[in-house]
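Q: Before we start, could you take me through the reading of a structure feature by feature, giving the general idea and then the case at hand?

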Amino acid sequence: MSERTLVLIKPDGVERGLVGEVIGRIERKGLKLVAMDLRQVDQKLAEQHYAEHDGKPFFGSLLEFITSGPVVAAVVEGPRAISAFRQIAGGTDPVDKAAPGSVRGDYALEVQYNLVHGSDSPESAERELKLWFPDLKA
Ligand code: CMP
């Protein structure tokens with residue numbers, strides 16, 4: 001059964017010219033792009049997107065970072081797309097958790113500057129897709 005996930009290429013990924021690399025990996029895996037755009041995230045969207053981290057010590061710098069430059073936001077679809085993209089991304093900590101061969105394992109060093117975001121569950125995907133792409137049809 002096909003499902004959808006929200007993928008973000010964060011400001012560090014755009015700044016470092018890794019958009020093609022990440023999108024290429026998504027396409028080569030066999031996942032499909034349903035929607036994609038380059039956008040500047042405002043404070044409100046950042047706070048809503050990261051609401052579950054409100055109160056954590058890194059919340060302020062997380063908001064500052066995600067609003068610091070353009071991001072690529074994409075809706076990615078395919079069988080088990082949520083897990084499939086998380087495998088492409090690698091674990092949140094690029095050194096301790098992300099395997100070599102993953103985007104974070106290959107290109108990132110710090111947990112804040114971990115290049116990409118992917119929804120972590122069907123519930124998160126539903127919430128995040130509504131937030132980022134409210135007009136997208138099912
Ligand atoms: P992401 O998948 O976008 O979801 C939450 C983000 O918070 C995560 O990727 C990291 O970029 C960031 N994050 C998680 N833990 C820390 C931390 N200890 N310090 C700074 N940023 C963090």
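Q: What radius of gyration would a compact globule of 138 residues have, and what does the chain have?
A: The radius of gyration is taken over C-alpha atoms, and the globule rule is 2.2 Å times the number of residues to the power 0.38. For 138 residues a compact globule would come near 14 Å, and the chain has 14 Å, which agrees. Taken along the principal axes, the C-alpha atoms of the chain fill a box of roughly 40 × 35 × 25 Å. This is a predicted model, in which local features need pLDDT of at least 70 and side-chain atom pairs count only at pLDDT 80 or more, while totals for chains, interfaces and linings use all residues. Residues are numbered from 1 along each chain as its sequence is written.

Q: How many helices and strands are there in the chain, and which pattern does the chain follow along the sequence?
A: Helices (H or I, at least four residues) and strands (E, at least two) are DSSP runs, numbered from the N terminus. The chain holds seven helices and four strands, and reading along the sequence gives β-α-α-β-α-α-β-α-α-β-α. UniProt, in an unreviewed entry, places the feature "domain: Nucleoside diphosphate kinase-like" at residues 2-136, and annotations of this kind may be inferred rather than shown by experiment. The end C-alpha atoms of that span lie 16 Å apart, and the span is 41% helix and 21% strand.

Q: What share of the residues in the chain is buried, and what share of the contacts joins residues at least 24 apart?
A: A residue is buried if 20 or more other C-beta atoms lie within 10 Å of its own, exposed if 12 or fewer, and partly exposed in between, with C-beta atoms placed from the backbone. By this count, buried residues make up 33% of the 138 residues in the chain. Two residues are in contact if their C-beta atoms, placed in that way, lie within 7 Å. Among contacts between residues at least 6 apart in sequence, 69% join residues at least 24 apart.

Q: Which residues touch the most other members of the largest nonpolar core?
A: In soluble globular proteins, nonpolar side chains tend to be buried together. A nonpolar core is here a set of buried Ala, Val, Leu, Ile, Met, Phe, Trp, Tyr and Cys residues joined through C-beta atoms within 7 Å. The largest has 28 residues, of which Val7, Leu8, Ile9, Val76, Phe85 and Val116 touch the most other members. At least two residues of this core come from each of strand S1 (2-9), helix H2 (19-29), strand S3 (71-79), helix H5 (81-89), helix H6 (103-107) and helix H7 (122-132), and S3 gives the most, with six residues. Leaving aside neighbours within four places in sequence, Val7 is in contact with Ile26, Ala74, Val76, Phe85, Val116 and Gly118.

Q: Which residues surround the ligand?
A: A residue is near a molecule if its C-beta atom, placed from the backbone, lies within 6 Å of it. The ligand is surrounded by His53, Phe58, Leu62, Thr92, Val111, Gln112, Asn114 and His117. With Ala, Val, Leu, Ile, Met, Phe, Trp, Tyr, Cys and Pro counted as nonpolar, Asp, Glu, Lys and Arg as charged, and the others, Gly among them, as polar, the shell divides into three nonpolar, five polar and no charged residues.

Q: Is His117 buried or exposed, and what does UniProt list for His117?
A: His117 lies in strand S4 (residues 116-118) and is buried, because 22 other C-beta atoms lie within 10 Å. UniProt lists His117 for "active site" in an unreviewed entry. Not counting residues up to four places away in sequence, His117 touches Leu8 and Lys10.

Q: Which residues does the UniProt annotation "binding site" cover?
A: The unreviewed entry gives Lys10, Phe58, Arg86, Thr92, Arg104 and Asn114. Phe58, in the loop between helix H3 (43-49) and helix H4 (59-66), is exposed, with 12 other C-beta atoms within 10 Å. Thr92, in the loop between H5 and H6, is partly exposed, with 14 such atoms. Arg104, placed in helix H6, counts as buried, with 24 C-beta neighbours inside 10 Å.

Q: What is the phi of Leu115, and where is Leu115 found?
A: Most residues other than glycine have a negative phi. Leu115, although not a glycine, has a positive phi of about 70 degrees, and is found in the loop between H6 and S4.
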